[in-house]
Amino acid sequence: MNKDRLVEILRQLIEVDTTNPPGNEKGIVTYLRSLFQDTLMTELIHDEQRSSLIVEIGSSVKERPTMTFIGHMDTVPYSQENWRYPPLKATESAGRIYGRGSSDMKSGLACMIAVGELLKQEPQRLQVNLRLVFTADEEAGGMGMREIIRQELIGPDELLIVPEPTQLAAAFEEKGAYWLRVEALGRASHGSAPELGSNAIDAIFRFKRMLEEKILVQNTLVGKTTVSLNRIKGGKKVNVTADYATAEIDIRYPPELSAERLQNAVASCIAELAKHGIEIKTEVLNNRLALSNQKGRLREILRNAMKDLDLPYREIGVRYYTDLSSFANMPNEFVILGPGIPDQAHVEDEYLEAEDLVNAFKLYEHIVTKEHPSYGKG
């Protein structure tokens, strides 16, 4: 598979506008179905414009493991006037490829597709059962992966590779995400006498500070717990103490912080503030559990593959969540490893290094075609 074909696949993917909302992943699914004709496919239709797809490459052999690549097709919104390069076109410049989704994560999809396209023609080379899973809605509610798990279309023994942007570093840890809408009920007073009222906006900030203290956990790979107050609204006018405020808080936390401890901390903050006459209500907007893969099989496979290809092996953690968060209660081994650049996700003039695209394809091909003691005989 040459670079030109990889770039052509990436170009086709970027030119399909899968901005979420609304998503429109059906456009990519139609493209995939044209590439993998006469291949076993399972399409999950979410609505007229949204679907997910599972592609099986080669015959399934009971004695060998299943290697499952999982990639999402949707991208985040963009403001075209802030881009130097067209967001919906793959533009090559100085060794980089620009376009929305170039790093997050249509480059990973392109490598998945290229591996499937190659091995569909040469299935005898496979040392694993190869599955390619293309999901809708990862950037929002995760409807694609939730439905796949609901229908039990991925088994607990499958080895999972998620080609999210890591610049080919291996990530075995993923931060959890817990988004809260917070409402504070205060008591109005004249702005010249705030002590006679109860300021709901102040209460939001007090709640945030208390919560930060209770859930602070350090982690070498993914960093510490973060509590980011990203939206706030409240009050009636400048000379009236705010009697109502609402805010949205984005909490990202390492695997060492359990979901139970996090939820208990929220409840504790609410109870403590109630003692001071401050009423707080919360609503969970998003709950993605933190992940940590402590098993060693994928580590060994990746180390050997990268050594064979003369690529550096590095381990990192990722601060963003992926479709893997839906597997938090399943025993699957996983790794997050892709060609994109983490800091390029969701930014203007998003790009990736073209060399990483080529190396990711070589690595994925090597992993599924190179005999390894873990694979057994097919």
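Helix α5 covers residues 200-215 in this predicted model. Its length was checked against its residue count. At 1.5 Å a residue, the 16 residues of α5 should span 22 Å. The end C-alpha atoms lie 23 Å apart, which agrees with that expectation.

At the start of α5, a side-chain oxygen of Asn199 comes to within 2.9 Å of the backbone nitrogen of Ile201. Further along, the buried residues of the helix are Ala200, Ala203, Ile204, Phe207, Lys208, Met210, Leu211 and Ile215. An α-helix has 3.6 residues a turn, so residues three or four places apart point the same way.

The largest has 60 residues. Within this core, Met67, Ile367 and Val368 have the most contacts. Helix α3 (residues 106-121) gives the core its largest share, 9 residues.

Beyond its neighbours within four places in sequence, Met67 is in contact with Val128, Asn129, Leu130, Arg131, Leu159, Ile161, Leu298, Ile367, Val368 and Tyr375.

The largest pocket holds about 540 Å³ of space. Its lining is made up of 20 residues. Nearest the centre of the pocket lie Arg252, Arg319, Tyr320, Ala345 and His346. Strand β14 (residues 315-318) supplies the largest share of the lining, 3 residues.

Definitions and conventions
Residues numbered from 1 in each chain as written. Predicted model: local features only at pLDDT ≥ 70, side-chain atom pairs only at ≥ 80, totals over all residues. Heavy atoms only, no water. Core = buried A, V, L, I, M, F, W, Y, C linked by side-chain atoms within 4.5 Å. Buried < 20%, exposed > 50% of the residue type's maximum accessible area, 1.4 Å probe, protein only. Helix = DSSP H or I, 4+ residues; strand = E, 2+ residues; numbered from the N terminus. Contact = heavy atoms within 4.5 Å. Expected span 1.5 Å × (residues − 1). Polar contact = N/O pair within 3.5 Å; in protein donor to acceptor, adjacent residues only side chain to side chain. 1 Å grid on protein atoms, 1.4 Å probe; cavity = no way out; pocket = protein on both sides within 12 Å on 5 of 7 lines; lining within 4 Å. Points joined across faces, edges and corners; volume = space filled by probe spheres on them.
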